[in-house]
Amino acid sequence: MATVTFKSTTRVYPGQDHPALNHLDLEIDDGEFLVLVGPSGCGKSTTLRMLAGLEEVSEGKILIDGRDITTLSPRDRDIAMVFQNYALYPHMTVAENMGFALKMAKVPKQERERRVREAARLLDLEPYLDRRPKALSGGQRQRVAMGRAVVREPKVFLMDEPLSNLDAKLRVQTRTQIAQLQRRLNVTTVYVTHDQTEALTMGDRIAVLKDGDLQQVGTPRELYETPANEFVAGFLGSPSMNLLEGVVDESGVRLGTRHLDVPSEILIGAGPTVTFGVRPEDLYLSDTPGEGLKLKVDMVEELGADGYLFGHPIDQPKTTVVARVDGREHPMPGDIVRVVPKPNRVHLFDRATGGRLYSTVTAPVRLPS
């Protein structure tokens, strides 16, 4: 187990003006499961590869347990990496694949076999130790790749989108297994994904990146309930937060006919409009004439007990608004409805900078462990 520290860590690729990773400052606690998430090209895989020693650090430092490993070779960092591609040796059995790195490190055979058996037990691979990769499913192959990392007993696990080659059902099952395994082993883990559902369900904390810049770090609940800016608000959550235009007046902000009182000092310099953010589950349908925002229903996505209504304001056909509705009884496409935001679940963002101006959502409370 170990702590990991990025100190103003930067990576600029030759011939590029903008850094792939820009002065990252990040502390990862001992035994923590940290997820790096963001869109393609945001710098998350670059961060992982720099930690692994596969990419050079242009500026700054990387430390493991307080030890500067910035210029060390990958083999001297005591890390183990699980890639998107399983990269198993087809001519070797599961046991041989898992123990190969230990064999190359000249670990005694008895110790090697002990570690392989222990990892196989943790990963439910004991019945498959004598099989070759071609006789395994995709999920089993990924677990073998994880087992190859586990047997090394490293200080830090690095995982680079390990589930992206699996089908949807298997991905859900395997991410549960990875999260359980990490908690059982209590090994510091850095996990890279572009899938925000994986990030929200697996990580102790999430670090959101965009264009090489760190946007926010916090627990899944903190990022979901109190996003630091418009990008984080729109990126985390499925469906994503509604980001609409709110009109500033003398006493607050108005969305449709619903008015939100906001202290005047918060809106100084914000301009005539702000971005009004509200999640789909925090919009409700109203039968009161003239209340809220008037929408024309475009479609309803039925998901069993729940459903998601997609519509647009009558005067803004290019703006989509999503609201959660009853999956059995709901309006139909073409209907005109009114939606109202819950007053205690609203966020306001600066339209120019994207930064959060104001929120009526109470910050989540961390309970003692």
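Which residues of β8 are buried on one side, and which on the other? Start with the strand itself. This is a predicted model, and strand β8 spans residues 188–193. T188, V190 and V192 are buried on one side. T189, Y191 and T193 are buried on the other. Both faces of β8 are therefore covered, where buried means under 20% relative accessible area. In a regular strand, side chains alternate between the two faces of the sheet.

Now look at the neighbours of β8. Strand β3 (residues 33–37) runs parallel to β8, joined by five bridges. In this pairing, V37 stands opposite T193. Strand β7 (residues 156–160) also pairs with β8 in the parallel sense, over five bridges. Here L158 stands opposite V190.

In soluble globular proteins, nonpolar side chains tend to be buried together. The largest core here has 42 residues, and M98, I178 and Y191 touch the most other members. Helix α4 (residues 138–150) gives this core its largest share, five residues. Another core lies apart, with 26 residues. Its members include C42, L51, M81 and V190.

The largest pocket has a volume of about 690 Å³. Its lining has 24 residues, and I79, A80, M81, A101 and R152 lie nearest the centre. The elements giving two or more residues to this lining are β6 (79–82), α2 (94–104) and α4. Helix α2 gives the most, with five. The lining divides into 18 nonpolar residues, one polar and five charged.

Technical notes: Residues numbered from 1 in each chain as written. Predicted model: local features only at pLDDT ≥ 70, side-chain atom pairs only at ≥ 80, totals over all residues. Heavy atoms only, no water. Core = buried A, V, L, I, M, F, W, Y, C linked by side-chain atoms within 4.5 Å. Buried < 20%, exposed > 50% of the residue type's maximum accessible area, 1.4 Å probe, protein only. Helix = DSSP H or I, 4+ residues; strand = E, 2+ residues; numbered from the N terminus. 1 Å grid on protein atoms, 1.4 Å probe; cavity = no way out; pocket = protein on both sides within 12 Å on 5 of 7 lines; lining within 4 Å. Points joined across faces, edges and corners; volume = space filled by probe spheres on them. Nonpolar A, V, L, I, M, F, W, Y, C, P; charged D, E, K, R; others polar. Pairing = 2+ DSSP bridges.
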